[in-house]
Amino acid sequence: MRSALEADREDESRCGTRDLGPSQIRVTPLPGASNTEMVRTAGQMKTTDCAKSTISHLVPLHHQEFSHEAPCFQSVMDIEQILLEENNKEVNTDEHGITHPEVPSSGMYKLDIVLRRGHNLAVRDRTGTSDPYVKFKICRKEVFRSKTVHKSLNPVWDEQICLMVDNLHEPLYIKVFDYDFGRPDDFMGSTYLYLDSIEQCRPLHVRVQLRDSQYPDQDLGTLELAVTLTPTDVADGEMTTLLTTSLKRSVKQQQVSQWPSDLHKKYQLWRSMLSISLIEGRDLVPMDQNGLSDPYVKFRLGNEKYRSKTIAKSLNPQWREQFDLHVFDEEGGILDISVWDKDTGKRDDFIGRCHLDLCTLSKEKTHKLELDLEGGKGQLVLLVTLTATAAVSISDLSVCLLDDPHSRRQILNRYRLLRSFCNLNDIGIVQVKILRAEGLMAADITGKSDPFCVVELCNDRLQTHTVYKNLNPKWNKVFTLNVKDIHSVLEVSVYDEDRDRSADFLGKVAIPLLNIHSGEQKAYVLKNKELTGPTKGVIFLEADVIFNSVKASLRTFVPLEQKYIEDECKVSKQVLQRNFNRVKRCIMFLITVGSYINSCVEWESTQRSICAFLAFVLVVWNFEFYMVPLSLLVLLGWGHYMLASGRETERNMQAIEDIFENEDDEFDKDDKGLLDKLYAIQDICISVQTVLDEVASCGERIKNTFNWTVPFLSWLAIAALCVASFLMYLIPLRYIVLVWGVNKFTKKLRDPYLIDNNELLDFLSRVPSDMQVLQYKELKVEPGQSPSKRRSNHGLCKRE
């Protein structure tokens, strides 16, 4: 008997995948309906009547995507066969012989669903009945959950669902569960409803067969549905609801698929980069009762997505955000842009959309675009640049770029100091050799695994081939990637390939580029997904980083590139408690400093109070403004002395680890019940959790700057403070303030589309917080101790 959690895990791998398995999946019309019964067995379709062949696509066809953590795989022959089948598929005709063209997948559609009843559902309770309810999902997002009908195998729901969808290639995933109080709900079956071939503006009454992939021969009953798909241009004008988002969003959401799925992308090498600067919106339509909107923008290029920040209460928002997307198609592709109004506590409102054909853009040139939203609902201003990639490749170990002396000299010459001001965006390259792994976790029932590696550098992703049935695989692959920011972190993850479901996570390591010793082969103990503890296995890597120090230093003072595939923030008792402890630690430090100063004033120690009084008089009497950066230089010098003496390093690392030692690995039942009660105020909890993390991270980054956690950044801070002290000593303060003010006032006039930034905050964003320091810490490989023992002895380990 499968639980809801196991079914959700299967959904993560099957979402968007049309199964071609041997089981028969029937779509049977209701009594009185004119639709015919359609049967598809092992990729073949049989019809008992020629009428209404449009419902033939409601049964599984091939449709596959990749998930970020668990890409599914197809051989080249499989993909070619699928493409051949797609080219040879029949067109739809009605009973009069009239051909219906395929439903276009772009645009907005209104999807009305009536969940009527179930027939002969599976027994999941000891009483011989079940307590069924139904979940509807689109691309892992729960869009509706029905009420629970207690103690019935033939439940009647009669519930209506109204959704707005914009991608008909994403199937509607229907799952049935048995509700169990205080225990995980039991899985009762699932099916797919494919939207790309439903006839528009016409009710479709169907009966769908529930299936379980693990028990294909088991009869799990059927569901009765009524489905109507209507383009929004013929729907009611008030239908501006959230695209494929639920009335009750799931707390547990996974990452949106970011893996390319087309045949020419099998090597995952992008042709060029699309750099987008989202500047502003103009004359957007109001969606709130106050006559304003809270707009944000979604961008989609292929399977890559980006969401902008939300601007509150504005019809002319100023975003000033910059990000990059990968272009895999030689001809460019279509960039889909949609604008939404954020509504806290309810569904977001759709404002409008537009499309950009990248084929019309010339490369290596910045284009200023003013795009009108469809229906005259406003305008977006963008700066778009298409640039070719400089050095992105996957090769065998025998073909290594930096091992060739001539190629290495060319690259070293490219990034030498004399060329520091040529192409400031070209900072350097990193070459990673994925050699082998040992002692991996057995993920298959055969006691083996089918491991492959994924290499990530910020938003750039490449992967190795799969070594089948091996716990000690050898890949011997070389990856070369461009370095956009020397403070980025190289992440290497190991997965087990499963063709019919989500790939299993085996382990991961995260290595800051500045911590890499070029040319050194090292063994890294694999960690869990959170990078807080070890898991089974060791991976052997060799990396080389070549970069220009001046360009890297200048890049430190511009905004940090955001990862657009990060997990959506969700409520977590552990994270909330951890962030509270981190903030408490920062506050306790300030309290300790205040108590020390107060003890000097209270004359608790005569000698200390006399010294403090004399220092206070001398500083105040001789104070000049340039002494502020000088005092910070003294603190940095003291931190360097403590680092060189080795007095603070171990104690500081131990204090960081103590924060995470007492966390529970799993919630108990009371905790789950508490989270259920907090669901109604989930947004508030997420906001508090995020604010605590930002406050704690800011304090920890300031501390780690003076602790020399990243020597490159500490030396850079010393250089900046020396320059500041020199300027403040020579130039009167009023002139410095005057120059600063003139620059601020004229910045918008000199460059109307300049993205604002704060250099100090950008610098601090490169300094790792204590949480990141712990994640990036290398675990020691202890000889004579198996990976499994290391795992059990580590208090922070989580079972993956």
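**Note on the predicted model**

1. Start with an open sheet of 4 strands. Its order is S17-S14-S21-S20, and the pairing is antiparallel. Strand S17 (318-327) and strand S20 (366-372) are the edge strands, each pairing on one side only. Neighbouring strands of this sheet are turned by 25 degrees against each other on average, direction ignored. That angle is taken between axes, which are lines fitted to C-alpha atoms. Two strands count as paired if DSSP finds at least two bridges between them.

2. On the basis of the note: this is a predicted model, where local features need pLDDT of at least 70, side-chain atom pairs count only at pLDDT 80 or more, and totals for chains, interfaces and linings use all residues. Residues are numbered from 1 along each chain as its sequence is written, and side-chain values use heavy atoms, with hydrogens and water left out.

3. Look inside the sheet next. Strand S14 (residues 272-282) and strand S21 (residues 379-388) run antiparallel and are joined by 10 bridges. Ile276 has Val384 in S21 as its bridge partner. Strands of a sheet pair through backbone hydrogen bonds, either parallel or antiparallel.

4. Now the whole chain. It has 15 helices and 30 strands. These are DSSP runs, with helices (H or I) of at least four residues and strands (E) of at least two. Of the 800 residues, 49% are buried, meaning under 20% relative accessible area with a 1.4 Å probe, protein chains only. Among contacts with a separation of 6 or more, 70% link residues 24 or more positions apart. A contact means heavy atoms within 4.5 Å. The chain exposes about 40200 Å², and carbon and sulfur atoms supply 55% of that area. The areas come from the Shrake-Rupley method with a 1.4 Å probe.

5. Val176 deserves a look. It lies in strand S10 (residues 172-178). Val176 counts as buried because its relative accessibility is 0%. Ser146 is 30 residues away along the chain, and its C-alpha atom is 9.7 Å from that of Val176.6. Which helices each supply at least two residues of the nonpolar patch? They are helix H11 (711-730) and helix H12 (733-750). H11 gives the largest share, 5 residues. One of the residues in helix H11 is Phe726.

Notes:
Buried < 20%, exposed > 50% of the residue type's maximum accessible area, 1.4 Å probe, protein only. Axes fitted to C-alpha atoms, helices over the stretch in contact; angles between N-to-C directions.
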